[in-house]
Amino acid sequence: MSLGLIGLLTIVIMLGLIMSKKLSTLLALIIVPILGYFAAKALNLLSEQDMGLGKLITEGIKNIAPTGVMFIFAILFFGILTDAGTFDPIIKRTLKIVGNDPVKICIGTVVLASLVHLDGSGAVTFLIVIPAMLPLYESLGMKKTVLATCAALGAGTMNMVPWGGPTIRAITALESSSGEVFTPMLPSLGAGLVFIILSAIYLGNKEKKRISKLDIKPDINIIHEDESKEEIDMMKRPKLFWVNIILIVVSVYVLVRGILPPEVVFMISTVIAMICNYPDIELQRKLVDKHAPSALMMASMLFAAGAFTGIIKGSGMLDSMAQGLVSLIPESLGTKIPLVTGVFSMPLSLVFDPDSYYYGVLPVISTTAHSFGIEPVMVARASIIGQMTTGFPISPLTGATFLLTGLAGVDLGEHQKSTIPFAFLTTIVMLVVGIIAGAIVL
């Protein structure tokens, strides 16, 4: 048994346990990679430079720590503004525009996520889109998994932009240019955007039928079990609406421009929002206590994901999987490498993080393709239609996935089951269009 096989089994078992709900996401992210590490150690498959389980986990947590801090304060920030009633007028106006039509709301979510993701940051996209749209979904009784899926499709498809992580890595790894890798794929990107809008229409119609049977009436005042209508009204701050809106706009501007790190932005914004809306110390404590459970739960999920990636990457399992993947390509498929790469690009997001794939797997596959007379850039183009593009918002190897599911309040397994079919089909549509347009030659 090889180290790569153990790594693959670790990921497959972990995903299987999560999606089948045999084990919670938090426990699966911690237990399964630890068992994989000990299995590799027992079989003497680890290198002499093995840092040990403790250091591997610690390094992984260090890498994810800024995202965890950002997530905690983002929940507090948007939670405070929601309690203050900041989004109520926006929801009312949106309801007037789209009516009670889940189709229009789903389309709006996809379009908004696509536009916001023009900056190439998944975390920023979800921090803007989910808090803005979640109250609207709740008011109409729409499933939160639909919100997560629409946001994931919009952000994932748009992640192909040349300044996005995957395309930049592909260009760098092959010492190419955006003109060679990305520009020929513009028809594919256009087709992908059209397809996700059609997917949004399908999801919206499905929700419309479900809601009509339940006879749910829109209600922007979502009352939780531990709250009364009087308590909700008492927390509203309608006179501070524009103050809060300006605070959101400034925070988003600083985020998008990269003036300050996201975690710093939300720490400062949370303090300002708290002081402006709730200067009373007792109210501040009450708000922190109210939002602490969800913040703590999802932050712990992020740190568990950090432990998982720390073990998988630091132990050498990812590198070994990359080498094994290339060795599995038979000579008979040599001329079809771009096609095979395109088909499996999205699912490979569940196995390889972007650095491991684009700096480890892609160069080797491209070299192999070149030996069969295929231009290496063809493999790069086939890769960016799925690997950590449409696939990044469902991958357990990215913090943005947990940010998305945490903000939307959905289980990772449910999100994956809901989103993977649409993400995969989007990739296939882009692959077909890429072949027709001549960007990917078979």
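Reader: In which loop does Met388 lie, and is Met388 buried or exposed?
Author: In this predicted model, Met388 sits in the loop between helix H18 (376–383) and helix H19 (399–408). Its phi is positive, about 60°, although Met388 is not a glycine. Because its relative accessibility is 2%, and buried means under 20%, Met388 counts as buried.

Reader: Which residues make the nonpolar surface patch of about 620 Å²?
Author: One of its members is Leu43, which lies in the loop between helix H2 (25–42) and H3. Leu43 counts as partly exposed because its relative accessibility is 46%, and patches are made of residues with over 30%. The patch is made by Met1, Leu5, Leu8, Leu9, Val12, Ile13 and Leu43.

Reader: Which helix gives the most to the lining of the largest cavity?
Author: The count comes to 1 cavity of 30 Å³ or more, and about 30 Å³ of space lies in the largest cavity. By class, its lining has 8 nonpolar, 1 polar and no charged residues, with Phe77, Leu127, Ser251 and Phe266 among them. Helix H3 (53–83), helix H6 (122–140) and helix H12 (241–257) each supply at least two lining residues. The helix that gives the most, with 4 residues, is H12.

Notes:
Residues are numbered from 1 along each chain as its sequence is written. This is a predicted model: local features need pLDDT of at least 70, side-chain atom pairs count only at pLDDT 80 or more; totals for chains, interfaces and linings use all residues. Side-chain values use heavy atoms; hydrogens and water are left out. On a 1 Å grid over the protein atoms alone, a cavity is a set of points where a 1.4 Å probe fits but cannot get out, and a pocket is an open set with protein on both sides within 12 Å along at least five of seven lines; lining residues have an atom within 4 Å of a point. Grid points are joined across faces, edges and corners, and a volume is the space filled by probe spheres set on the points. Ala, Val, Leu, Ile, Met, Phe, Trp, Tyr, Cys and Pro count as nonpolar, Asp, Glu, Lys and Arg as charged, and the others, Gly among them, as polar. Patches are made of residues with over 30% relative accessible area and no salt bridge: like charges are joined within 9 Å, nonpolar side chains (Val, Leu, Ile, Met, Phe, Trp, Tyr) within 5 Å. Accessible areas come from the Shrake-Rupley method with a 1.4 Å probe; for residues, only the protein chains shown count as cover. A salt bridge is a side-chain nitrogen of Lys or Arg within 4 Å of a carboxyl oxygen of Asp or Glu. Buried means under 20% relative accessible area, exposed over 50%, partly exposed in between (1.4 Å probe, protein chains only).
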